[in-house]
Amino acid sequence: MASSRGREAQARAGRRRTGRVGVRCLMACCLGLLLGPTAAAQPVDAPPEVRVIIDVSGSMRENDPERLSASALELLVSLLPEGTLAGVWTFGETVANPLPRGEVDNEWREQARRLRPRLAGAQPYTDIEAAVRAAADPEAEGWRHLVLLTDGVIDLPPARGPKPEVDAASRQRLLQRLAPRLADAGVVVHAIAFSGQADMGLVASLSRTTGGLPAQVVSPESLLGAFLDIVERIYPADRIPLEAGRFVVEPGVEAFSALLFHAPDAEPLTLVAPDGREYDAEAPPPNGRWQPGTRFDLLRVPEPMPGEWRVVGEIGADSRIGVASALALNTGALPATAFLGLPLPVEAWLTRHGVPFEGELAGLSLGAELTDADGRVQSAIRLEREGERFRGTLPAPALPGTARLTVRAEAEGFTRERVQAINLLAPLTAHHEPANRRVVLEARHPELDHGSARPWAELDGERLAVEPLTPRRWAVALPELDASIRRPLLLGAEVELGGETRELRLPRLVLFAEAATGLDLAASEGELAAERFHEDLAVGRDAAPEGRVARLVEGLNAWVAVGVTHWREAWQPRLAELARRPQAWAAAAGVALLVLLAWRWRARRDRRHQTHREDPHV
């Protein structure tokens, strides 16, 4: 509930932000904002602060061998808007503040870049709890966004108590006590893990409770994506479409900025204006800035010429163009975390110079779509106009993982987009405890407990008993099972949220997932198909009869499973397609009739030519 109150408070604060023209102009000139109109159209009295917390413990030497944390700081230094308050903390066994909070300008950026040699892992232990407390402690007028870079493993010195109990106690305090208090105080933690061995449960829970974005990065490319997602959540920005290196700037655009990704060894990029003039990093557009980099270029063009601009060179798919203009797209508060099975409401509107736009644009329409990490559209809707605002509800998402919510406004000669990263989670989690012969369910959604959720579980077609453990946890008692057979446990829940009752289907849990042989459910059906995952090739002809029988049964089961799968994947879709085409049915019936008539004709002919044969005798 605390995290829910924190996010609601953040949403209310975001709606009532008003501000100073000077800060607005500085932010509008910053590429970190991608020169989006949010800063220009929605000024703020107290802009958010950004506080970077970097792990310099010895474990980071092993888990971050490519020094991604140092690269991350350099990227963030480039993306932070001028005029923003920001600071840098480092931690291992102790916490330090090598770059105190200050206003971001050229001098601050240079000081941040000089920190790189001090970010090499040197301290022997990792006190994440102390680091988060220290960075969150200084009061601020606006929201505090903490960007935590760590391998995500709490490791305290033995002098503080016996291990691993002392580490577990610190983890519990961080997640169960400190995180809810931070959410209530307007502190958002975006946690980024730099290792496949990281405690992603800690990273995800800390971010989810405070309304931040969690991420796990293992390459410079994934690091860039994670940081952009965080920056766009802190500073939402308008974009215009960039397709095949081309984008159109309409009249009235005050400035545009470009974040262009490229390979480290790529040829330098060139920007071609509508009048054919070419610009590059050595000769940027008039009054513009062009900052080349190893993996990306940042550039800003004020008062651009209307028309089609073109980027010459190989650029990455995540490249983007942001614009600042009097007419801007705005969205309601979008959650950093959404839950499977629950619809996602969306609200958007246009403003001109910060005031709700009441005019008319020819052909104006607003829509929203949800795409997965691979760019596939999961759902899309058209937003309906309700006075000055446009509203709609996206269908409940069905696939967990990182997704992107895009809100788009289109009219004649006008296009704007807002993109936000969203973490999609199941509202309840399930964990198998074989030693206790049970499965434990735990609520992730902040408003689910025994009073609002009634989970259920089904194994081999039979419902199992579900008993409460704590206000937000349940236990599913399992019958005695063979640990050598993998079995799927179907899970779901009836929940009451917002005065509505919904039936949720949760991701199924595989019991004894490491078993060689398993029973697996066909997708969306109740049929069982036996699978053989490994075959003992050492068994020869002298195998015992029981072994031969077992292998025969397994082979028959596998043959049936293959047949069922082939029927479902190959023939069933074809017959379903034919069922929707009456002409196909008529043709099939005609062919069947011809075959039947031919068979009857041949049978009658054979009977007419049949002769009596008598065996010879003496």
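1. The model is predicted: local features need pLDDT of at least 70, side-chain atom pairs count only at pLDDT 80 or more, and totals for chains, interfaces and linings use all residues. Residues are numbered from 1 along each chain as its sequence is written, and side-chain values use heavy atoms, without hydrogens and water.

2. The sheet is open. Its 6 strands run in the order β3-β2-β1-β4-β5-β6, with mixed pairing. Strands (E, at least two residues) and helices (H or I, at least four) are DSSP runs, numbered from the N terminus. Two strands pair if DSSP finds at least two bridges between them.

3. Strand β5 (residues 187-193) and β6 run parallel, joined by 2 bridges. Ala193 has Gln216 of β6 as its bridge partner.

4. Helix α6 (residues 106-113) lies across β2 (85-91) and β3, at about 160° to β3. Helix α10 (residues 220-234) lies across β1 (49-55), β4 (144-150), β5 and β6, at about 170° to β5. Axes are lines fitted to C-alpha atoms, for helices over the stretch in contact; angles run from 0 to 180 degrees between N-to-C directions. Contact means heavy atoms within 4.5 Å.

5. The axes of helix α7 (residues 128-136) and helix α8 (residues 165-184) come within 10 Å and cross at roughly 20°. That makes α7 roughly parallel to α8 (angles under 35 degrees). Residues in the contact include Ile128 and Val132 of α7, and Leu174 and Leu178 of α8.

Definitions and conventions. Angles under 35 degrees count as roughly parallel, over 145 as roughly antiparallel, 65 to 115 as roughly perpendicular and the rest as oblique.
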